[in-house]
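Here is a short note for someone opening this entry for the first time. The points are numbered so that they can be checked one by one.

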Amino acid sequence: PLSPTPPAPQRARTEQRPSQASAQMYSPARVEEQADVIIGQISPEAAGLEIASKLAGQGFCVVAPGFEESVLRQAVEEASDLEEEGRLYQANSIIQDGLLGAEGSALIAELASPAGSEEPARSEGQVLTQLDTTLTQLCFHTEPYLASMGIDVSHRSAAVLHQAGEPGEERVPLTEKEVAKWLSQFLSHKVMIIAFLGPAAG
C-alpha cells in the first residue's frame with residue numbers, strides 16, 4: 001500500500017482479520033527497533049523463516065526493508081503521477097472494507113501484473129515497479145515456511161496502490177464485473193504484504 005498526494009494522506013493500517021495475516025513494511029522514518037525483522041541483517045532465507053514464524057505466532061510481522069528515503073520520495077512522486085493520469089479511483093465501500101477500509105483505501109489503483117514485467121515498460125514508473133519486484137522476492141523467501149500454517153501458496157496477486165484519506169461521499173455502484181474480479185481474490189488470499197511509503201508515517 002502506498003500513499004501519494006497532498007493533502008498529506010497517510011498509509012492506513014490494516015485491520016487484522018482471523019483468516020488473514022499481514023507483513024507490514026515500514027520506511028526508514030520508523031526506528032528499526034520497532035521491527036520484527038530487519039532486511040539485510042540476516043540472510044533472505046532466515047528472514048523468510050522469521051516472518052513466517054511471526055505470522056504464525058501473532059498474525060502479523062513488522063519488517064524494516066531498508067528502503068532509502070530518496071527511493072520512497074521517488075515512489076510517492078510516481079504515485080502522484082498515476083493520480084494525475086486518472087489511474088486512482090474510489091472503489092465500492094464493500095471492496096474498500098475488504099482491502100484497508102474506507103479510510104485506508106480511499107482511492108486505489110491496480111498496478112500491472114508481475115507476469116507482465118517482460119513488456120518493454122510498465123506505466124507505473126521505475127521505482128514502483130522495483131518495489132513491486134521486492135515484494136515478489138519477499139514472497140519467494142517466505143512461501144516455503146507457510147505450509148506449516150496450513151497456507152498453500154500458488155501465486156501472488158497484482159499490487160494495489162492505496163491512497164489513505166477521508167472516505168468520499170460518492171456512492172460507487174458495485175457491478176458484476178467488479179464482484180467477479182475481487183471475489184476470487186478475497187476468497188483465496190491469506191497473507192497481505194503492506195509497504196508504507198509515505199509521505200506521512202504508516
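**Notes on the helices and their packing**

1. The buried residues of α2 pack against α5 (126-142) and β5 (160-163). The buried set in α2 consists of Leu72, Ala75, Val76, Glu78, Ala79, Ser80 and Leu82. Please keep in mind that this is a predicted model.

2. For orientation, the chain has six helices and six strands. Read from the N terminus, the order of elements is β-β-α-β-α-α-α-β-α-β-α-β. The chain has 202 residues, and 41% of them count as buried. Among contacts in the chain with a separation of 6 or more, 79% are between residues 24 or more positions apart.

3. The length of helix α2 (residues 69-84) can be checked against its residue count. With 16 residues at 1.5 Å a residue, α2 should span 22 Å, and its end C-alpha atoms lie 23 Å apart, which agrees. Just after α2, glycine 86 has a positive phi of about 80°.

4. How do α2 and α5 cross? Their axes come within 8 Å and cross at roughly 115°, which makes α2 roughly perpendicular to α5. The crossing of these two helices is left-handed. On the α2 side, the contact is made by Val71, Gln74, Ala75, Glu78, Ala79 and Leu82; on the α5 side, by Gln126, Val127, Leu128 and Leu131. By class, the contact of α2 with α5 has seven nonpolar, two polar and one charged residues.

5. Helix α5 passes the corresponding length check. Its 17 residues should span 24 Å at 1.5 Å a residue, and the end C-alpha atoms are 25 Å apart, which agrees. The buried residues of α5 are Val127, Leu128, Thr129, Leu131, Asp132, Leu135, Thr136, Leu138 and Thr142.

6. Helix α5 also packs with helix α1 (residues 44-58), at an angle of about 75° and with the axes 7 Å apart. These two helices are therefore roughly perpendicular to each other. Pro44, Glu45, Gly48, Ile51 and Ala52 of α1 make this contact with Leu138, His141 and Thr142 of α5. By class, the contact of α1 with α5 has four nonpolar, three polar and one charged residues.

7. Leucine 138 deserves a separate entry. This residue is found in helix α5. Is leucine 138 buried or exposed? Its relative accessible area is 10%, under the 20% cut-off, so leucine 138 counts as buried. Leucine 138 and isoleucine 51 are 87 residues apart in sequence, while their C-alpha atoms are 9.5 Å apart in space. Both residues are listed in the contact of α1 with α5.

8. With a relative accessible area of 2%, glycine 104 is buried. How many residues separate glycine 104 and proline 167 in sequence? They are 63 residues apart in sequence, and 8.7 Å apart in space from C-alpha to C-alpha.

Key. Residues are numbered from 1 along each chain as its sequence is written. This is a predicted model: local features need pLDDT of at least 70, side-chain atom pairs count only at pLDDT 80 or more; totals for chains, interfaces and linings use all residues. Side-chain values use heavy atoms; hydrogens and water are left out. Helices (H or I, at least four residues) and strands (E, at least two) are DSSP runs, numbered from the N terminus. The expected span of a helix is 1.5 Å times one less than its number of residues. Buried means under 20% relative accessible area, exposed over 50%, partly exposed in between (1.4 Å probe, protein chains only). Contact means heavy atoms within 4.5 Å. Axes are lines fitted to C-alpha atoms, for helices over the stretch in contact, and angles run from 0 to 180 degrees between N-to-C directions. Angles under 35 degrees count as roughly parallel, over 145 as roughly antiparallel, 65 to 115 as roughly perpendicular and the rest as oblique. A crossing is left-handed if the near helix is turned anticlockwise from the far one by less than a right angle, and right-handed if clockwise. Ala, Val, Leu, Ile, Met, Phe, Trp, Tyr, Cys and Pro count as nonpolar, Asp, Glu, Lys and Arg as charged, and the others, Gly among them, as polar.
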